[in-house]
Amino acid sequence: MIHFGYLALVLTGITAQGPQTAPTCLRVNLLRHPEAAVITDSNLSFSWVVNDSRHGAMQSTYQIELDHADGKLVWSTGRVKSGDSTQVYYAGPKLKSDRYQWRVRTGDKAGQFSPWSKFQHFDLRLDSPGAKPRLWPSESRWVETSTGHVLENRQHAAFSPSKQVTVKKLDGDRWVCDFGKAAFGTFSFGLSTNYSGPLTVRLGERSSGDGGVDSNVGRSSIGYIQAAAVAEKGVFTVNLPRHVGKYPHSQSLPEFMPEVMPFRYAEIRGIPVGTQPINAVQDRLLYDFDEDASEFSCSDPRLQKVWDLCKYTLHATPFLSLYCDGNRERMPYEADSYIQQLGHASVDSEFTAARYTLEFLLNHASWPTEWQAHTIFMAWQQWMSTGDLSTARRYYAL
């Protein structure tokens, strides 16, 4: 059994009776969580999924209401006869920078309205200059708000601690923590005694023959780093050196975020006898992801593992809020990004990482000249997945 999480673009006729329910999966400019971003594009669009208990129910009408955050009505579409449920554009009075909320209800074939959806909030900042990035292109701006740092017009990855760990004693003064899955993240732990002194920590994606971290990764892109640490009271985080981009379009994490690297295993050296690591945490920097948007089950456990690996890869790898080659160069490539876009659309209904990556590559091409042709495929796939032609209209003569 397999289910893919796309936006509902076309719905067929009603075949059974039952009560309507409120629309779900609301989006502003395709952002699944616009409240976690700052929107600087005044050309707002609204999308939703028709949620009806009757199999194959068809939307015949809709009504959108946009309010200020305090509840004062700004715009109402009234009853609109249309089956459109994605990229419905704002057509009200000119908006100013403010916090807004919107909701929608849909009508069935007979014109009977559903209940209103829940309100979705978003911040509109049309005069936002953004924060000047260090190695980020001008299109990508972080803004500090009362709720923290957010990206303009994009979703961003967030830290998610994983405590699912197996701790094992190796020979001598070595211990290893195995978190089961590799992720871009930080590593923190504590000690079972009040020992205070120097430690050596190795983080890596591959295990060595004796169960520790393989430090002989050669010229490959397999993650590995060795860092010095000093034991402190309680739980402390290993300080990782900042990743320095060596290429014109390498991406760096903003300075207010701790540095991350890909690892599954954490080997700690220098732990004295009678002491062991406790409270080990792999704090993973993961892109926004809906685990329930897709599922797959199979009688062959090997194929199930392939599916689980592929799905998790699309959760863990856009840690920079765009598609990139991983930890080697931290920059996007057109052909690689097209493959990631296809995979991402197959496991989650999130399309803004693909849209931003496409626009990034149109302004900051990678070095393989012939790979630029893949941006056409990316633009086509974006339209096929969402019905959104805004990027295509901006960069192509349609």
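The protein chain in this predicted model has five helices and 21 strands. Its C-alpha atoms fill a box of roughly 75 × 45 × 45 Å along the principal axes.

How is the chain packed? Residues 24 or more positions apart account for 72% of them. Of the 398 residues in the chain, 48% are buried. The accessible surface comes to about 19,300 Å². Carbon and sulfur atoms contribute 53% of that surface.

Next, the charges. The chain carries 40 positive and 41 negative charges. How far apart are the mean positions of the two sets? They are 1 Å apart.

Side chains of opposite charge can pair when their charged atoms come close. The structure holds 18 salt bridges. Three of these pairs are worth a look on the model.

Start with Asp 123 and Arg 99. Their side chains meet in a salt bridge, with 3.0 Å from N to O. Asp 123 lies in strand β10, which covers residues 120-124, and Arg 99 lies in strand β9, residues 98-107, so the bridge ties together parts that are 24 residues apart in sequence. Are the two partners buried or exposed? Asp 123 has a relative accessible area of 18%. That value is under the 20% cut-off, so Asp 123 counts as buried. Arg 99 has 31% relative accessibility, and therefore counts as partly exposed.

Move on to Arg 174 and Asp 171. Arg 174 forms a salt bridge with Asp 171, and their closest N and O atoms are 2.5 Å apart. Arg 174 is buried, at 7% relative accessibility. Asp 171 is partly exposed, with a relative accessible area of 49%.

The last stop is Arg 328 and Asp 325. The side chains of this pair also meet in a salt bridge, with an N to O distance of 3.3 Å.

Finish at Arg 328 and Asp 325.

Terms used. Residues numbered from 1 in each chain as written. Predicted model: local features only at pLDDT ≥ 70, side-chain atom pairs only at ≥ 80, totals over all residues. Heavy atoms only, no water. Helix = DSSP H or I, 4+ residues; strand = E, 2+ residues; numbered from the N terminus. Buried < 20%, exposed > 50% of the residue type's maximum accessible area, 1.4 Å probe, protein only. Contact = heavy atoms within 4.5 Å. Areas by Shrake-Rupley, 256 points an atom, 1.4 Å probe, with all protein chains shown as cover. Lys, Arg positive; Asp, Glu negative; His and termini not counted. Charge placed at Lys NZ, Arg CZ, Asp CG, Glu CD. Salt bridge = Lys/Arg side-chain N within 4 Å of Asp/Glu carboxyl O.
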